[in-house]
Structures are given as structure tokens and as C-alpha cells.
Amino acid sequence: MDVWQQLIFIVEGVPLTLSISILSFLIGIALGLPLAFIRVYEKEVGFIVDAYEKIFRGIPEIVLLLLFYFGLGPFFPIPFGNAFFVAAFVLGLRSGANQSQIYRGAIRGVGDEQILAGTSIGLSKWRSIWHIMIPQVLNFSTPGLGSEYALLIKDSAYVYVIGLAELMTRAIQLKSIPPGDVVTPFVIAAALYVALTFPIAFWLDRWGNKRKKKLGL
Amino acid sequence: MFEFLLNPVYQGWLIQGLLLTVEITLFGVLIGLGLGTLLAIGDIYGKKPLKAAIALYVEIFRGSPLFVQLFLAVYTVPAILNIQIDHGVLAFLVFGLNSAGYQKGYMKGAMETILDDQMQAGQSVGMSKVQTLRHVILPQAYRIVIPSWTNEFCSLTKSTATLAFVGFLDLVGAGRSILINNMQILPVWIVVGLIYLAWITGFSKIMDIIYEKKKIPGIELFMQS
């Protein structure tokens with residue numbers, strides 16, 4: 001294969017890389033936001049959140065992917081027999097643990113006494129979290145979310161171990177096609193990853209800082 | 001279910017795997033710390049071209065997965081240079097270089113929280129810029145940076161799981177070797193996962209204790225303001 005064909009073959013993996021990363025990012029938001037608020041406002045059950053964060057910070061994604069796909073897949077073919085589901089599930093849970101910490105920092109930055117202000121004008125605790133805190137917390141955490149997104153793009157390379165044909169898997173496949181080009185596929189893959197991570201993280205950081213200034217946070 | 005743990009051969013593989021994981025992480029974070037500090041100093045004091053070069057370095061190492069970098073180091077670099085280098089050396093190097101990309105950011109952040117006033121203070125008592133850096137700023141920066149450094153340690157340890165896929169016998173490699181003889185997939189990966197978890201949690205705990213002992217008195221108040 002010439003360079004052009006290799007490039008096309010690898011680029012065809014980009015949609016899969018992006019869909020895994022974006023889906024797990026969304027799962028991460030859905031898990032991370034509530035967990036962060038539970039950790040800050042429901043001190044009694046905070047230890048569960050702590051344990052969850054510790055587990056997903058302490059076990060490599062590769063091991064979790066292998067565990068869920070090859071270990072649990074045969075016993076529970078639905079849902080763990082599906083490689084795409086396992087990828088989004090594992091990376092999403094891992095991201096949730098990270099995002100929970102990002103949001104916790106943001107809650108502290110926004111100032112958790114705003115909940116008091118909310119309840120003092122008659123909103124319930126969770127309503128004031130939803131209407132007052134969350135919009136500000138999301139703005140406040142954009143720089144962290146930018147790097148979390150970049151981290152997920154990079155982590156999505158691990159799904160090679162469960163055989164999904166995304167960027168990294170395709171590069172490794174090219175290496176195993178004789179005569180075994182070990183230069184171009186990996187250079188292309190690295191360049192594509194940089195291209196996927198850098199602009200969005202940079203833009204989110206910029207945008208977040210602007211919003212923060214505008215809102216006076 | 002977990003009988004395979006009693007087999008001395010498998011125990012040996014797991015221990016060997018853990019040792020390789022630990023070794024490569026520790027070397028990686030230490031190389032990263034040294035190089036990261038230099039990069040941070042260069043980024044703060046350097047001229048424009050140096051700053052641009054450092055930004056490019058950081059972008060390359062932080063923008064692509066360590067997994068790809070490992071393949072680049074182990075296969076691509078020797079192929080381009082047309083030489084034989086020990087894979088172990090290359091792996092150590094790439095973990096260090098990658099970690100430096102991240103640690104530069106942490107060091108820069110830590111140095112900037114203490115920099116301006118103390119740099120002037122140091123120079124006003126007759127120390128040179130380098131002396132102030134060496135004796136006043138860096139010792140404090142290292143104490144501030146410990147928590148981020150612990151995080152970096154955790155994520156680097158997790159990344160070492162990629163080593164198995166370029167032919168090393170790390171913990172994941174040990175797990176795969178056990179699976180060739182013993183098809184109990186689930187228990188093997190649970191055990192491997194727990195070993196990682198124990199090592200990472202234990203080490204972070206130790207680092208937290210060191211941080212508490214060594215931290216600059218009153219630093220919380222300072223960081224909040």
C-alpha cells in the first residue's frame with residue numbers, strides 16, 4: 001500500500017474513535033455531575049463516591065476492557081458481548097470518576113453557599129442545584145473538561161485490545177500486512193490524534209475563560 | 001476459581017510483571033520530573049524560540065496516546081535510524097519523555113504560584129537568578145507539586161498496561177501468559193486489576209502522607225487567595 005491508501009485506511013477509523021470518545025464523555029457527564037454534588041452535599045454517602053473514584057483511578061482501562069469484554073462477555077452476552085458497548089461503558093465510567101473530581105473543584109470555585117441563597121428564596125435543595133449551580137459549574141469547569149475530552153480521545157486507543165477497528169487498531173493492522181511498514185502507519189496515527197485533541201481542547205479552554213470573565217466568576 | 005494463584009509459576013509471572021510495571025513507572029516519573037522541571041524553567045525564562053519548541057514538545061507528547069508513542073519508539077524509531085536498540089531502554093525513555101510533557105505543566109503551575117515576589121526577594125538579598133531558583137523556588141515548588149505528581153504517577157502506572165502489547169511481560173503480559181494455560185479469563189483479570197489497584201492506592205496514600213508532612217505551613221490559605 002502506498003502512503004495515500006494507508007492514510008485513507010486509518011482515517012476510516014476516525015468516526016469510531018470519535019463516537020467512542022464522545023459517547024463516553026456524555027456518560028461521564030451523566031455520572032460525574034450527580035456524583036460531585038452527592039459528594040459535596042450528602043456527606044453520609046460520600047464514601048461510596050470515593051470508593052468508585054478510587055477503583056476507576058486505580059485499575060488500568062486496558063484491564064477493565066479485557067475484564068468486561070472477555071471475562072464477563074461470555075456470561076452476559078447482552079450487554080458485555082458487544083465490544084462497542086464495553087468500550088463506551090468502561091471509558092464512560094472512568095471518565096465519570098475523573099469528571100466528578102473536576103466538578104467538585106468547580107463547585108468549590110463557584111461557591112457552595114449559593115445553595116443557601118437559593119433555599120432562602122424558597123427553592124428546594126435539588127432545584128437550586130439544578131437551576132443555580134449546574135449552569136455555573138459547567139462554565140467553570142470547561143478547561144478541565146477540555147483536557148478530559150483529550151484524555152478520552154487518547155484512551156480510546158486502548159480499545160485495540162478488544163478489537164474495535166478504530167485509529168490505533170487500523171495502524172497496528174497495517175503493520176501486520178507484509179512487508180510490515182512500521183513507520184508511516186504510526187506517524188499517521190500520532191498526527192491524527194494530535195489533530196483530534198489539540199484544536200478542541202484549546203478552543204474549549206479559550207471559550208471557558210471568556211465565559212468566566214463575562215460572568216464574573 | 002482462584003486456584004491458579006497457588007501455582008508458583010504463575011505467582012512468579014505476576015511478581016515479575018508487577019516489578020516491571022513498578023520499575024518503569026518509577027523511572028518514568030523521575031525522568032519526567034527532571035526533564036519536566038527543565039522544561040518549566042525554560043518556558044518561564046526562555047526566549048521565544050525556546051518557548052515555541054517546548055510548546056511543540058508538550059503538544060506532541062500530550063496530544064497523542066502513550067500507546068502510539070510506545071509503538072513509535074519500539075518499532076518506528078529503530079527502523080528509521082536503522083539500528084538495533086534494546087526495547088527496554090526505548091520503553092523507559094518513552095515513558096519518561098511522555099511524563100515530562102505532563103509534569104512540565106504541573107511544575108510551571110507550582111512555580112508560578114510562588115514565583116514573582118520571591119524571585120525579587122532572593123535577588124534583593126544578593127542571590128543570582130539561578131541561586132534563587134535552586135534554593136528558594138524549586139524546594140517550595142516540589143512541595144506544592146506533590147499531589148499533581150501523585151496523579152501523574154497513577155495515570156502513568158495505568159499506561160504501563162500497554163507494554164504487554166509490544167512484547168513485555170508486565171502485569172497484563174503476565175495475565176495473558178497465564179490465560180494461555182488456564183482459560184479462567186474472569187478471575188485472572190480480576191486478580192490483575194486488584195494488584196494494580198492495591199499498588200496505586202497504596203502508593204498514593206504514602207504520597208498523601210508525605211505531602212501532609214512536608215507541606216509549607218499555611219499553604220492552603222495562600223492557594224485559596
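1. Where is the place of B:Lys51 in chain B? B:Lys51 sits in helix H2 of chain B; helices (H or I, at least four residues) and strands (E, at least two) are DSSP runs, numbered from the N terminus. With a relative accessibility of 34%, B:Lys51 counts as partly exposed. On this scale buried means under 20% relative accessible area, exposed means over 50%, and partly exposed lies in between, using a 1.4 Å probe and protein chains only. Apart from neighbours within four places in sequence, B:Lys51 is in contact with B:Gly42, B:Asp43, B:Ile44 and B:Gly46, where contact means heavy atoms within 4.5 Å. The C-alpha atoms of B:Lys51 and B:Val191 are 45 Å apart, and the two residues are separated by 140 residues along the chain.

2. Some notes on the basis of these values. The model is predicted, so that local features need pLDDT of at least 70 and side-chain atom pairs count only at pLDDT 80 or more, while totals for chains, interfaces and linings use all residues. Residues are numbered from 1 along each chain as its sequence is written, chains are lettered from A and ligands numbered from 1 in the order in which they are written, and side-chain values use heavy atoms, with hydrogens and water left out.

3. Chain A has 11 helices and zero strands. The C-alpha atoms of chain A fill a box of roughly 70 × 45 × 25 Å along the principal axes. Of the 217 residues in chain A, 49% are buried. Among contacts in chain A with a separation of 6 or more, 78% are between residues 24 or more positions apart. The accessible surface of chain A is about 10000 Å², and carbon and sulfur atoms hold 70% of it; accessible areas come from the Shrake-Rupley method with a 1.4 Å probe, and for residues only the protein chains shown count as cover.

4. The interface of the two chains comes next. The size of an interface is often given as the accessible area lost when the parts come together. Chain B and chain A bury about 3000 Å² between them, with 77% of it on carbon and sulfur atoms; buried area is the accessible area (1.4 Å probe) that two parts lose on being put together, summed over both. Chain B gives 33 residues to the contact and chain A gives 35 residues.

5. How many salt bridges are counted between chain B and chain A? The count is one salt bridge, the term standing for a side-chain nitrogen of Lys or Arg within 4 Å of a carboxyl oxygen of Asp or Glu. A:Glu61 forms a salt bridge with B:Lys158, and their closest N and O atoms are 3.3 Å apart. A:Glu61 belongs to helix H4 (residues 61-72) of chain A. With a relative accessible area of 4%, A:Glu61 is buried. Beyond residues up to four places away in sequence, A:Glu61 touches A:Val90, A:Leu91, A:Arg94, A:Asp155, A:Tyr158 and B:Lys158.

6. On the side of chain B that touches chain A, the elements giving two or more residues are helix H2 (48-63), helix H3 (66-81), helix H5 (129-159) and helix H7 (185-214) of chain B. The largest share of that side, 10 residues, comes from H7(B).

7. Helix H6 (residues 171-181) of chain B is largely enclosed by the rest of the structure, because eight of its 11 residues are buried. Among the buried residues of H6(B) are B:Leu171, B:Val172, B:Ile178 and B:Leu179. The cover over the buried residues of H6(B) includes H4 of chain A, along with helix H1 (8-45) and H7 of chain B.

8. A:Arg170 lies in helix H10 (residues 167-176) of chain A. A:Arg170 is buried, at a relative accessible area of 13%. Leaving out residues up to four places away in sequence, A:Arg170 touches A:Phe9, A:Ile10, A:Glu12, A:Gly13 and A:Ala165.

9. Two points of backbone geometry remain. Most residues other than glycine have a negative phi, and most peptide bonds are trans. A:Ile78 and A:Pro79 are joined by a cis peptide bond, with omega about 0 degrees, and A:Pro79 has its place in helix H5 (residues 77-80) of chain A. B:Asn82 is not a glycine but has a positive phi of about 60 degrees. B:Asn82 is in the loop between H3 and helix H4 (87-124) of chain B, and at 69% relative accessibility B:Asn82 counts as exposed.
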